[in-house]
Amino acid sequence: MEVNQRRLRDDIEANAAFGAIDAETGRGRTVLAGTEPNREARNRFVDRCADAGLEVEIDAVGNVAATWLPESADPEAAPVAAGSHLDSVPEGGIFDGPLGTYGALEAIRTLQETDLEHSLERPITVVSFTEEEGTRFGGGMFGSSVATGRRSVDDALAATDDEGIAVEDALESIGYRGEGVLDASAWDSFLELHVEQDTRLEERGVLVGIVTTITGIAHATVEIEGEANHAGATGMDERTDALAAASEFVLELESAGREHAAAGEGTAVATVGKSRVRPNATNVVPGGVELGVDVRDVEYGTMESILEEATATLERLEAERGVETRFEREIDVEPAPMDRRCRDALERAGLEAGIDTLAMHSGAAHDAMRVSRVTDAGMLFAPSRDGLSHTPREWTDWADCAAATEVLAGALARLAGAEA
Ligand SMILES: [Zn+2]
C-alpha cells in the first residue's frame, strides 16, 4: 500500500491558499467558520471527494461527510469514519486540521488503488467537522459536539459571533447550511490524524504517535478583590494589593502542576493564561484581578486535586492578605481514553508498513475527544517541527505526512474488515 505523497501535498498546499496570510516565516492562513476562505476550502474539499467517487453530504451545521462504498462492502454496514477540520485559528498553520481531512481522503484513494477494494466490508466516510477551533462562534469542537448529540442543532445554529451574526446565517451565506444531522454514534469507529503540536515524536525520531488518552480540560475564572489606592500615599502595611495576591496564586498553581506532573507520568499541566488587572495603572495599587485558569491531565482525579489545591490557596490568601476571592469552574471535560481496538489497528498498520509508532497522550483537545463519547475512536499524530502549531511556522515534512497517512490507511482497512 503506497500513499501518493505528491497528491496529498498538492491538496494541502491548494487548501493553504484559502485565507492565506503574508507571514514573515512559514505559511499561514486564517480560515474562520462561515467566511469566504472557509467556503473556498469547503468547495475544494467537496470537489476532491467527488473526484474520488465519494458521496458527499452536508448536515445542518455544515459538517461535511463523504462516503466511499467499496465494491465488496455492505451499504448497510456501519461505516468506519476518519477526518478532522478545515477551519483554523487566526494566522494559524496549514497542517492543523487539513492533514487529517485530506489525509483521510488520501487514505481512501490509496485503498481504492489496492486490491482491498474487493475485501472491505464497511463503507468508509471522510469527515470535515465545522469550526473545531472555536475561534468565531466559541466553544470549540462545534461540529463534532452536534454530531455526537452533545449540543442540539437549534442551539448550535443560534450561536452568534462577536458581531451578532448567527451560525445559521453564516453557513447559509456560504452555501453550507445543509440538512439532517451527522450521527457519529452510527459509525463503527472513527480515526483522526492530526499534527502532534509538541516535540515528543521529533525528539525520539519516531514518525507516528498513537494517542492513548486525550487529556481532560478544566477552565476556571478566579477573581481576587483587594482595594485600589494611591501607589504613593498608601503605606506598605496599609494596602490590600489584589495583584500581589494574584501573583502568589499564579506561582502556587504552577507548583501544583509541577508536583502532580512529577508524581504522575508528566501529563498534568496547570496554567494561568489570562489576567486582567483593575485599574491597571502604574500609580495605583491594584484593586482587582481576574485570572483564567487551565488545568489538564489524563487522570480526572489529578485535575480535581490541582483545582482543590487552587481553592485552598485562595482561602489562605483571604486569611493572610485580606482579599476577597471567587472561583468559578466554567469548562469541565473529563479525559477521553482512545479505544483499544482503534489503537491496535493503528499499531498493526504501523508494523505492517514498517513505520515506527509511539504511544502518547494528547495534551490538546480534538474532535476525536467528542466522538470517543459515542463510538470507538482513535487518533494518530504526525511530527511537528519544533513542536510549533497555531502559527505560520507550523511544519510537518511531506514525507512524514505521507507516512502517517499510510498508517491511517492501513488502520482504516483493518477496521473496515479487510483480511489482514
Ligand atoms: Zn486541529
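Select V153 to begin: this residue lies in helix 5, which covers residues 153-158. The model on display is a predicted one.

**V153 and its surroundings**

With V153 still selected, display the residues around it. Apart from neighbours within four places in sequence, V153 is in contact with A60, V61, V146 and V181. V153 and D59 are separated by 94 residues in sequence, while their C-alpha atoms are 9.8 Å apart in space.

**The whole chain**

Now zoom out and show the protein chain as a cartoon. Its secondary structure amounts to twelve helices and 17 strands. Along the principal axes, the C-alpha trace spans about 80 × 45 × 40 Å. The radius of gyration of the protein chain is 23 Å, which agrees with the value near 22 Å that a compact globule of 420 residues would have.

**Helix 1 and helix 3**

Select residues 5-16, which form helix 1, together with residues 98-112, which form helix 3. These two helices pack at an angle of about 150 degrees, and their axes are 10 Å apart. Helix 1 and helix 3 cross in a right-handed sense. To see the contact itself, show side chains on both helices. Helix 1 contributes R7, L8, D11, I12 and N15, and helix 3 contributes P98, L99, Y102, G103, L105, E106, R109 and T110. By class, the residues of this contact are six nonpolar, three polar and four charged.

**Helix 8 and helix 9**

Proceed to residues 242-263, helix 8, and residues 300-321, helix 9. The angle at which helix 8 and helix 9 pack is about 150 degrees, with 10 Å between their axes. How do the two helices run relative to each other, roughly parallel or roughly antiparallel? Because angles over 145 degrees count as roughly antiparallel, helix 8 is roughly antiparallel to helix 9. The crossing of helix 8 with helix 9 is right-handed.

Display the side chains here as well. The contact of helix 8 with helix 9 comprises nine nonpolar, five polar and five charged residues.

**The loop between strand 11 and strand 12**

Move to P279, in the loop that links strand 11 (269-278) and strand 12 (284-285). The peptide bond joining R278 and P279 is cis, with omega at about -5 degrees. Then select N280, which is also placed in the loop between strand 11 and strand 12. Phi of N280 is near 65 degrees, a positive value in a residue other than glycine. Is N280 buried or exposed? N280 is exposed, because its relative accessible area is 61%, and exposed means over 50%.

The last stop is D386, found in the loop between strand 17 (376-382) and helix 12 (398-415). D386 has a positive phi, near 55 degrees, in a residue other than glycine.

Definitions and conventions. Residues are numbered from 1 along each chain as its sequence is written. This is a predicted model: local features need pLDDT of at least 70, side-chain atom pairs count only at pLDDT 80 or more; totals for chains, interfaces and linings use all residues. Side-chain values use heavy atoms; hydrogens and water are left out. Axes are lines fitted to C-alpha atoms, for helices over the stretch in contact, and angles run from 0 to 180 degrees between N-to-C directions. Helices (H or I, at least four residues) and strands (E, at least two) are DSSP runs, numbered from the N terminus. Angles under 35 degrees count as roughly parallel, over 145 as roughly antiparallel, 65 to 115 as roughly perpendicular and the rest as oblique. A crossing is left-handed if the near helix is turned anticlockwise from the far one by less than a right angle, and right-handed if clockwise. Ala, Val, Leu, Ile, Met, Phe, Trp, Tyr, Cys and Pro count as nonpolar, Asp, Glu, Lys and Arg as charged, and the others, Gly among them, as polar. The radius of gyration is taken over C-alpha atoms; the globule rule is 2.2 Å times the number of residues to the power 0.38. Contact means heavy atoms within 4.5 Å. Buried means under 20% relative accessible area, exposed over 50%, partly exposed in between (1.4 Å probe, protein chains only).
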